[in-house]
Amino acid sequence: KESDSSAKYDLFQRLNTGGSELSPQEVRNCLLVMLNKSLFEWLKDLPKFEPFVDTTALSDRPLEEAYDTELALRFVLLAEINEDSIKSIGDVGTFLTDKMTELAQNKNFRRAPVKELFKDTFSILNETMSDNAFKRFAIKKSRHEGGFLLSLFEVVGLGVAYNIAKDTLCDKSEIATRAQSIWKDKAFTDWAATGVNASRRLPKLIPYGRKLFSK
């Protein structure tokens, strides 16, 4: 329990090679249990919120690999992050692990406001877009298609959250239309394309989402 957190993470990765491989978030969960079990239970509880379940509409496989918990962690760490800090994220997996570890050791972290923001965000998204919130919008067919897209979570989910926190959110009646409009905008589609890694994508898409959903 007293050993270095990075050593614990390395140990889990090494042990992992002998059997079925854990997802990065499953490994983080193991680490978080040792560092701060209370925070682990709090984080694990967030994605059970029904509007989050409805809007993300994740299939069984991602759920089995704790992807819902990873999305909750991304929300906690990125919803109100300073834009200068986004530029220095680097490898996102390492960022999530390092910042989660810092959070686990931060006795001043206030969970209640973050949980309230999480609930407010997904309640509004569920009300306005339901399970279309994070699906591609096919302009020619004028309908949402496919499954959950992380790039949309980064723009729509985090963009709405940021503006709720700052009390600058656009009228709720405009959220769905604004979310659909991004598929006509190269500023989004170029950065959301397959092959653009997260360290390059996030500094573009997070500010984009914040501006998109502001008054």
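1. Trp42 is buried, with a relative accessible area of 11%. Here buried means under 20% relative accessible area, exposed means over 50%, and partly exposed lies in between (1.4 Å probe, protein chains only). Trp42 sits in helix H3. Helices (H or I, at least four residues) and strands (E, at least two) are DSSP runs, numbered from the N terminus. Not counting residues up to four places away in sequence, Trp42 touches Val76, Phe109, Arg111, Val114 and Lys115. Contact means heavy atoms within 4.5 Å. Leu71 is 29 residues from Trp42 along the chain, and their C-alpha atoms are separated by 14 Å.

2. A word on the basis of these values. This is a predicted model, in which local features need pLDDT of at least 70, side-chain atom pairs count only at pLDDT 80 or more, and totals for chains, interfaces and linings use all residues. Residues are numbered from 1 along each chain as its sequence is written, and side-chain values use heavy atoms, with hydrogens and water left out.

3. Helix H9 covers residues 111-128. Its 18 residues should span 26 Å at 1.5 Å a residue, and the end C-alpha atoms are 26 Å apart, which agrees. The expected span is 1.5 Å times one less than the number of residues.

4. Which residues of H9 are buried? They are Val114, Leu117, Phe118, Thr121, Phe122, Ile124 and Leu125. Seen down the axis of H9, these buried residues fall within an arc of 155°, so they line one face of the helix. The arc is that of the directions from the helix axis to the C-beta atoms. An α-helix has 3.6 residues a turn, so residues three or four places apart point the same way. On the face of H9 turned away from the buried side are the exposed residues Ala112, Glu116 and Glu127.

5. What covers the buried residues of H9? The cover includes helix H3 (37-45), helix H4 (50-56), helix H6 (67-78), helix H10 (150-165) and helix H11 (175-181). One of the buried residues of H9 is Val114, and Val114 is also touched by Trp42.

6. H3 and H9 also meet through charge. Asp45 and Lys115 form a salt bridge through their side chains (3.8 Å, N to O). Asp45 lies in H3 and Lys115 in H9, so the pair ties together parts that are 70 residues apart in sequence. A salt bridge is a side-chain nitrogen of Lys or Arg within 4 Å of a carboxyl oxygen of Asp or Glu. Asp45 is partly exposed, at 36% relative accessibility. Lys115 is also partly exposed, at 27%.

7. The whole structure holds 15 salt bridges. Another of these joins Arg28 and Glu70, with the closest N and O atoms 3.7 Å apart. Arg28 lies in helix H2 (residues 24-35) and Glu70 in helix H6, so the pair ties together parts that are 42 residues apart in sequence. Both residues are buried. Arg28 and Glu70 belong to a network of salt bridges with Arg74, Glu154 and Arg201.

8. Arg28 has a further partner. Its side chain makes a polar contact with the side chain of Thr97 (3.0 Å). A polar contact is a pair of N or O atoms within 3.5 Å; within protein, one must be able to donate a hydrogen and the other to accept it, and residues adjacent in sequence count only if both atoms are side-chain atoms. Thr97 belongs to helix H8 (residues 92-104). At 6% relative accessibility, Thr97 is buried.

9. Asp68 deserves a look. Asp68 is in helix H6. Asp68 is buried yet has no salt bridge, and the nearest side chain of opposite charge, Lys44, is 5.7 Å away. For charge, Lys and Arg count as positive and Asp and Glu as negative; His and the chain ends are not counted. Leaving aside neighbours within four places in sequence, Asp68 is in contact with Pro47, Phe52, Leu58, Pro62 and Leu63.

10. Ala66, a residue other than glycine, has a positive phi near 65°. Ala66 lies in the loop between helix H5 (60-64) and H6, and is buried at 7% relative accessible area. Ser142, also not a glycine, has a positive phi of about 55°. Ser142 is in the loop between strand E1 (136-138) and strand E2 (143-145), and is exposed at 53% relative accessibility.
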